[in-house]
Amino acid sequence: MANVAVIGAQWGDEGKGKVVDWLASRADIVVRFQGGHNAGHTLVVGNQTYKLSLLPSGVVRGKLGIIGNGVVLDPDALLSEISRVRGQGLDVGPHNLRIAENTPLILPLHPAIDKAREEARGEAKIGTTGRGIGPAYEDKVARRAIRLCDLAEPETLSAKLDELLLHHNTLLKGLGAETFEKQDLLDRLLALAPKLLPYAEAVWERLDEARHSNKRVLFEGAQAVMLDVDHGTYPFVTSSNTVAGNAAAGAGVGPHSVGMVLGIAKAYTTRVGSGPFPTELQDEIGKRLGERGREFGTVTGRPRRCGWFDACLVRQAVKVGGVQGLALTKLDVLDGLTELKICTGYEIDGEVVKRLPAAAAAQAKAKPIYETLEGWTQSTMGARSWADLPATAIKYVKRIEELVEAPVTLLSTSPERDDTILVSDPFSD
């Protein structure tokens, strides 16, 4: 069985949605294994644009989608998203969407405390989306989370709410925010139960059956390696493990089932929110990249910070994330630039290093060391073979391969799903 795990190799927003959608044509099942509705994938299909936050991207291809136990699930956000894509003509229901019964839920108190804490940080804010992702993961680790299966047991639900509110109302009161009433939350959850429980199942059993049936599974990650809670630019990270190693735990399969790991990286670098960004450009080139790349967050709408390709950062993501091949996206955004730069290392306090250190102060001091390459004036938009690319664009891609120590498996040249150069099929055995 040839499975594939797709993860981001930068700070997110690399174009994973298009790549997953494209790969889904070769898969039988698409599994989302971590994150919440703080991540967004944009899929462009003809004249239709789909913006997904929780639904596995495979639903656009009519594939079976699974939301794994590694996700934190906002019920209202999910139901709203299902309603929206149905309005766009997609068929989504319990017949083609399954949710792990042990998936933790995001309740209204989670975004409330998320926003209150971020406000209390003032200028030291992390830049969270305020959607309650972090607090929901905290509850999961603290063993007080309400999970999807709990909706089928009103008495269990009531007892769990007592513990949950004891913790959260204390914090909310201390932060000067409004507290929550148990009965309001209980009534809300019991009303959601008949809408959500038809999707629930022990998805680990379904995935085990898929393994025995030699079905192809695509594991879909959210965010990216450099936002991983352990391996990213802490504390400016997300609240889950985004590396491929978490695909197994977040879906309920053994590590041998993850298969080939495909990392997604832009041909330049972007970041949303706060945190270190050594190659950030705050000049006309940075502005040009943002405008040509339409760099606004799918979920938040916030403008993304833009900069040169950071090979040092991506190489680190390749090693930590177990990336075996890269999908390089948005090459066409670099069209018209006669000179390009790639970061090959950093200078920190007079010392040259080839990795971004773990310590926050050292990360902030990192100054990029650049290698300059010749750009191209021809258009690469819509290229579907190497023959369609200018020689200097091919040279740029090959140099990236050398520096990050991973082959480019896919090359994306526009938002359209078929404007893709396939070097090797990630699903090949």
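This is a predicted model: local features need pLDDT of at least 70, side-chain atom pairs count only at pLDDT 80 or more; totals for chains, interfaces and linings use all residues.
Two elements, α1 (16-24) and β3 (41-45), each give two or more residues to the lining of the second largest pocket. Thr-42, Gly-293, Arg-294, Lys-330 and Pro-415 are the lining residues that lie nearest the centre of this pocket. The second largest pocket lies between domain 1 (4-101 + 200-262) and domain 3 (265-422), because both domains give residues to its lining. By residue class, that lining divides into six nonpolar, twelve polar and eleven charged residues.

The largest pocket draws on other helices. Both α3 (109-121) and α4 (133-141) supply at least two residues of its lining, and α4 gives the most, with seven residues. Nearest the centre of the largest pocket lie Asn-38, Thr-128, Val-237, Thr-238 and Ser-239. Its lining comprises 15 nonpolar, 17 polar and ten charged residues.

| Pocket | Volume | Lining |
|---|---|---|
| Largest pocket | about 880 Å³ | 42 residues |
| Second largest pocket | about 710 Å³ | 29 residues |

Technical notes
Residues are numbered from 1 along each chain as its sequence is written. Side-chain values use heavy atoms; hydrogens and water are left out. On a 1 Å grid over the protein atoms alone, a cavity is a set of points where a 1.4 Å probe fits but cannot get out, and a pocket is an open set with protein on both sides within 12 Å along at least five of seven lines; lining residues have an atom within 4 Å of a point. Grid points are joined across faces, edges and corners, and a volume is the space filled by probe spheres set on the points. Helices (H or I, at least four residues) and strands (E, at least two) are DSSP runs, numbered from the N terminus. Ala, Val, Leu, Ile, Met, Phe, Trp, Tyr, Cys and Pro count as nonpolar, Asp, Glu, Lys and Arg as charged, and the others, Gly among them, as polar. Domain bounds come from an automatic or database domain assignment.
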